[in-house]
Amino acid sequence: MPTLFTLRVNGTAHTVKVRPDTPLLYVLRNDLRLNGAKFGCGQAQCGACSVLVDGIERRSCVYPVSIASKGRITTIEGLGTAHQPSVLQRAFIREQACQCGYCSSGMIMAAQALFERNPKPGEAEVKQALEGHLCRCGAHNRIVRAILRAATGEMA
């Protein structure tokens with residue numbers, strides 16, 4: 001039975017009426033029109049749907065809205081804008097770390113969660129944070145370089 005939930009997404013409260021077991025991804029995309037998180041596998045195995053809930057990476061394709069409503073949700077749209085991209089977004093652009101771009105928001109959200117735990121990770125930590133994120137284009141090396149660039153502040 002549909003229930004009212006208040007979601008705090010990117011600093012704004014939104015009220016939605018959905019079933020408690022509805023995946024957060026569906027609410028973000030269909031109700032709130034936040035399309036940065038992508039539907040990839042629907043089984044939490046590819047990372048394309050990653051968002052942060054209270055700073056922790058969550059796979060929104062399987063994360064129920066009833067649980068998500070208890071935390072602060074950050075999507076890729078909450079990190080930066082087209083005119084003022086975040087440090088991570090600028091690094092991805094600088095390193096040309098996107099080909100098709102389908103995995104990019106999930107990769108950036110995983111990196112943001114890592115930065116919240118450790119602002120200066122090394123290469124091994126970056127690779128571990130990206131484990132379970134799939135990029136069919138094979139841009140993993142550029143993605144790792146972009147995250148390391150953002151971590152060191154080498155944006156020139």
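Contact here means that heavy atoms lie within 4.5 Å of each other. In that sense Leu88, leaving aside its neighbours within four places in sequence, is in contact with Ile108, Ala111, Gln112, Phe115, Ile147 and Ala150. The model is predicted.

**Nonpolar cores**

- The largest nonpolar core has 27 residues, of which Leu88, Phe92, Met107, Leu130, Ile143 and Ile147 touch the most other members.
- At least two residues of this core come from each of the helices α3 (87-94), α4 (104-117), α5 (123-129) and α6 (140-152).
- Helix α4 gives the most to this core, with eight residues.
- Another core, of 20 residues, lies apart from this one, and its members include Leu28, Val51, Ala68 and Ile73.

- Helix α1 spans residues 24-31, and its buried residues are Leu24, Leu25, Val27 and Leu28.
- The elements that cover these buried residues include the strands β1 (3-9), β2 (12-18), β3 (50-53) and β5 (72-74), together with helix α2 (65-68).
- Just after α1, Arg33 takes a positive phi of about 60 degrees.

**Strand pairs and their hairpins**

- Strands β1 and β2 run antiparallel and are joined by seven bridges.
- Within this pair, Leu7 stands opposite His14 in β2.
- The hairpin of β1 and β2 has two residues between the strands, and Asn10 in this hairpin has a positive phi near 55 degrees.
- Strand β3 pairs with strand β4 (residues 56-59) in the antiparallel sense, over four bridges.
- Leu52 has Glu57 as its bridge partner in β4.
- The hairpin of β3 and β4 also has two residues between the strands, and there Asp54 takes a positive phi near 55 degrees.

**Positive phi in residues other than glycine**

- As background, most residues other than glycine have a negative phi.
- Asn10, which is not a glycine, has a positive phi near 55 degrees, and this residue is found in the loop between β1 and β2.
- Asn10 counts as partly exposed because its relative accessible area is 27%, a value between the limits of 20% for buried and 50% for exposed.
- Ala44 has a positive phi of about 60 degrees although it is not a glycine.
- The place of Ala44 is in the loop between α1 and β3, and its relative accessibility of 27% is why Ala44 counts as partly exposed.

**The largest pocket and Gly40**

- The largest pocket holds about 190 Å³ of space.
- Its lining consists of Gly40, Cys41, Cys46, Ala48, Cys100, Tyr102, Cys103, Leu134, Cys135 and Arg136.
- By residue type, this lining divides into eight nonpolar residues, one polar and one charged.
- Gly40, a residue of the lining, is found in the loop between α1 and β3.
- Because its relative accessibility is 37%, Gly40 counts as partly exposed.
- Gly40 and Ser105 are 65 residues apart in sequence, and their C-alpha atoms are 12 Å apart in space.

- Gln89 lies in helix α3, and its relative accessibility of 14% is the reason why Gln89 counts as buried, since the limit for buried is under 20%.
- Leaving aside its neighbours within four places in sequence, Gln89 is in contact with Ile76, Leu79, Gly80, Thr81 and Ile108.
- Ile108 is therefore named among the contacts of Gln89 and also among those of Leu88, by the cut-off of 4.5 Å.
- Ala124 is found in helix α5, and because its relative accessible area is 62%, Ala124 is exposed.
- The C-alpha atoms of Ala124 and Cys100 are separated by 25 Å, and the two residues are 24 residues apart along the chain.

Definitions and conventions: Residues numbered from 1 in each chain as written. Predicted model: local features only at pLDDT ≥ 70, side-chain atom pairs only at ≥ 80, totals over all residues. Heavy atoms only, no water. Buried < 20%, exposed > 50% of the residue type's maximum accessible area, 1.4 Å probe, protein only. Pairing = 2+ DSSP bridges. 1 Å grid on protein atoms, 1.4 Å probe; cavity = no way out; pocket = protein on both sides within 12 Å on 5 of 7 lines; lining within 4 Å. Points joined across faces, edges and corners; volume = space filled by probe spheres on them. Nonpolar A, V, L, I, M, F, W, Y, C, P; charged D, E, K, R; others polar. Core = buried A, V, L, I, M, F, W, Y, C linked by side-chain atoms within 4.5 Å.
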